[in-house]
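Please view the sequence and the structure before reading on.

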Amino acid sequence: ATSWNPFVDGPVYDLAVGGGIVYLAGGFNHVDGHERRQLAGIDEASGAVTPWYPKVEGEVRQLAYGSGKLLAGGAIKTVVSIVRNGLAAIDLATGKPTAWDPNPDGPVSVLAVHDGLVYASGSFTHIGGQGRSLAALDPVTGAATDWNPGLGVGAACLAFTDEVVFAAGVELMALD
């Protein structure tokens with residue numbers, strides 16, 4: 001372990017790293033004495049809390065970094081008072097949600113960026129305008145792609161090769 005150790009007053013559920021910042025999601029209210037509920041940015045080198053603070057209502061459990069934004073998933077209700085159900089793309093400069101809004105009808109428990117797409121799964125039945133519990137989403141529009149593995153329940157975790165998505169939850173499967 002290194003000396004990098006910002007004090008967080010609650011559990012950290014997920015991390016994402018990009019642009020020299022370590023992003024935290026969790027059930028915390030403060031990081032190193034600074035109010036940071038659910039989300040925080042920590043300087044990768046110094047461990048100092050950054051000014052970035054998107055005020056989120058609802059629980060954040062998953063993070064993914066890509067295309068100059070942070071994707072946050074969970075039981076999110078709003079980001080900076082803007083409605084974002086379960087999933088949001090947050091601008092790294094302003095902390096405000098972008099226009100990207102797949103609008104799942106339930107919490108997001110799995111989030112990943114792979115091969116230019118955003119994959120999301122969880123306790124929802126519709127996302128990106130389609131009936132799915134696991135979807136590949138367009139990173140610009142938020143619409144679900146034609147890929148539909150037909151899972152009846154959401155996945156608990158995902159892994160990728162160049163041609164296959166592996167999903168685990170109740171069962172383990174390889175999906176084309």
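Q: Is Tyr23 buried or exposed?
A: This is a predicted model, in which local features need pLDDT of at least 70, side-chain atom pairs count only at pLDDT 80 or more, and totals for chains, interfaces and linings use all residues. Residues are numbered from 1 along each chain as its sequence is written, and side-chain values use heavy atoms, with hydrogens and water left out. Buried means under 20% relative accessible area, exposed over 50%, and partly exposed in between, with a 1.4 Å probe and protein chains only. The relative accessible area of Tyr23 is 4%, so Tyr23 is buried.

Q: How many aromatic pairs does a search of the whole structure find?
A: Rings of Phe, Tyr and Trp (its six-membered ring) pair if their centres lie within 6.5 Å; planes under 30 degrees apart count as stacked, over 60 as edge-to-face and the rest as tilted. By this rule, the number of aromatic pairs in the whole structure is 4.

Q: How are the rings of Tyr23 and Tyr65 arranged?
A: The ring centres of Tyr23 and Tyr65 are 6.4 Å apart. Their planes meet at 20 degrees, so the pair is stacked.

Q: How many residues apart in sequence are the parts that Tyr23 and Tyr65 tie together?
A: Strands (E, at least two residues) are DSSP runs, numbered from the N terminus. Tyr23 belongs to strand β2 (residues 21-26) and Tyr65 to strand β6 (residues 56-66), so the parts tied together are apart in sequence by 42 residues.

Q: How are the rings of Tyr119 and Phe160 arranged?
A: Tyr119 is buried at 7% relative accessible area, whereas Phe160 is partly exposed at 24%. Their ring centres lie 4.9 Å apart and their planes are at 55 degrees, so the pair is tilted.

Q: Which strands hold Tyr119 and Phe160?
A: These two residues are 41 residues apart, and their pair links distant parts of the chain. The strands are, for Tyr119, β11 (residues 117-122) and, for Phe160, β15 (residues 157-160).

Q: What share of the residues of the chain count as buried?
A: The chain has 176 residues. Tyr23 and Tyr119 are among the buried ones. The share that counts as buried is 46%.

How values were computed
Helix = DSSP H or I, 4+ residues; strand = E, 2+ residues; numbered from the N terminus.
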